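Good morning, colleagues. Please look at the structure on the screen, and I shall then take you through its ligand sites, its core and its helix packing.

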Amino acid sequence: MTNGTFNPIIMVPMFIAYLILFVIAEIFLLKNKMNKKISIILLILSIIIPGFILGALANPVFAIQQIIMGFYNIIQNPVAFSMIFPSLLPMIIILLFFILSTILFGRTFCAYVCPLGSAQELISRVQFKSKIKKSKYIVNIPSKYLNYVRLGFFILMIIIALTVGIAIFQLINPFMGFTIFRNLTSITTIILPIILLAIVLISSLFIYRPWCRIFCPFGMIAWLMSRFSIFKLRRTADCTDCKACEKVCPTKESYRESKKSACYQCVRCIDICPNDAIKFKK
Ligand code: SF4
Ligand code: SF4
Ligand code: SF4
């Protein structure tokens, strides 16, 4: 799997774990029962099960990188298209699942299923104190700048992959740090991913979801797709415009007209609203 071949023994349990966590999170969101306690339980489950137990294989970064590398191989050897394309299908299906879920329900996958997102979110809770009525991130970079950086990395990844055939994102993919318990026999091969994962997690103390918002290629795709998501957090008629939710939102997405493209469904806004005026709905 780590060299890009489809291994159903690894992939199928992973996909099932993703699906189960996704459905559980969606049930709580749709019933408007998601709160801080439930979200923390889901975050921990996501870090443990698809994360450390299943090794975060596959993950969206890996899927995107493998699809691009597949196209590199097809460009190099067009006659092998009929052999290469079927091997890419599992990755394409996984990526389509992530994208479709984002169009339907916004960033629930990023919020409660992705182990790397969950780990960053959980660490960010150290920064967040609901009694302090504003977000406390030490570094708060505006989303528009983050998107330029993320887009730049995405384009660079495609150019390098399609021209010289190097899977640059796979080299720096912090998801691979979750394979620590699967690779105990060859610890040297995962030292770099563990260091990368540690850097991302430590940075999460100071920047809200640094990997998601600065580097993750799927984060950029999800940012674009979730603008059009059918279900999202919306204010109801009970809103008195007190703006408490806007002060605690780590991505500044809680204002009324927001398209919620950078909303990670963290429910900080829901928890702090004095009028129970934020619902997950059409
Ligand atoms: S943006 Fe990327 S790393 Fe972050 S939660 Fe989504 S898929 Fe995971
Ligand atoms: S916290 Fe609630 S009442 Fe206040 S602005 Fe936000 S949605 Fe409206
Ligand atoms: S609007 Fe902001 S505070 Fe509310 S769930 Fe989304 S990211 Fe969290």
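Let me begin with the classes of residue: Ala, Val, Leu, Ile, Met, Phe, Trp, Tyr, Cys and Pro count as nonpolar, Asp, Glu, Lys and Arg as charged, and the others, Gly among them, as polar. By that division, the shell around ligand 3 holds eight nonpolar, three polar and two charged residues.

This is a predicted model, in which local features need pLDDT of at least 70 and side-chain atom pairs count only at pLDDT 80 or more, while totals for chains, interfaces and linings use all residues. Residues are numbered from 1 along each chain as its sequence is written, chains are lettered from A and ligands numbered from 1 in the order in which they are written, and side-chain values use heavy atoms, with hydrogens and water left out.

Around ligand 3 there are 13 residues, of which Leu233, Cys249, Cys263, Cys266 and Cys269 come nearest; to be near, a residue must have a heavy atom within 4 Å of the molecule. Ligand 1 is surrounded by 13 residues, the closest being Cys110, Cys114, Cys212, Cys216 and Phe218. Its shell comprises nine nonpolar, two polar and two charged residues.

I turn to the core. A nonpolar core is a set of buried Ala, Val, Leu, Ile, Met, Phe, Trp, Tyr and Cys residues joined through side-chain atoms within 4.5 Å, where buried means under 20% relative accessible area (1.4 Å probe, protein chains only). The largest such core has 74 residues, and Met34, Ile64, Phe98, Tyr112, Leu116, Trp211 and Phe218 have the most contacts inside it. Helix H4 (residues 81–105) gives the most to this core, with ten residues.

Finally, how do helix H3 (residues 60–76) and H11 pack? Their axes lie 8 Å apart at an angle of about 95°; axes are lines fitted to C-alpha atoms over the stretch in contact, and angles run from 0 to 180 degrees between N-to-C directions. H3 and H11 are therefore roughly perpendicular, a term covering 65 to 115 degrees. Pro60, Val61 and Ile64 of H3 meet Pro217, Phe218 and Ile221 of H11, contact meaning heavy atoms within 4.5 Å. The residues of this contact divide into six nonpolar, no polar and no charged.

Methods
Buried means under 20% relative accessible area, exposed over 50%, partly exposed in between (1.4 Å probe, protein chains only). Helices (H or I, at least four residues) and strands (E, at least two) are DSSP runs, numbered from the N terminus. Angles under 35 degrees count as roughly parallel, over 145 as roughly antiparallel, 65 to 115 as roughly perpendicular and the rest as oblique.
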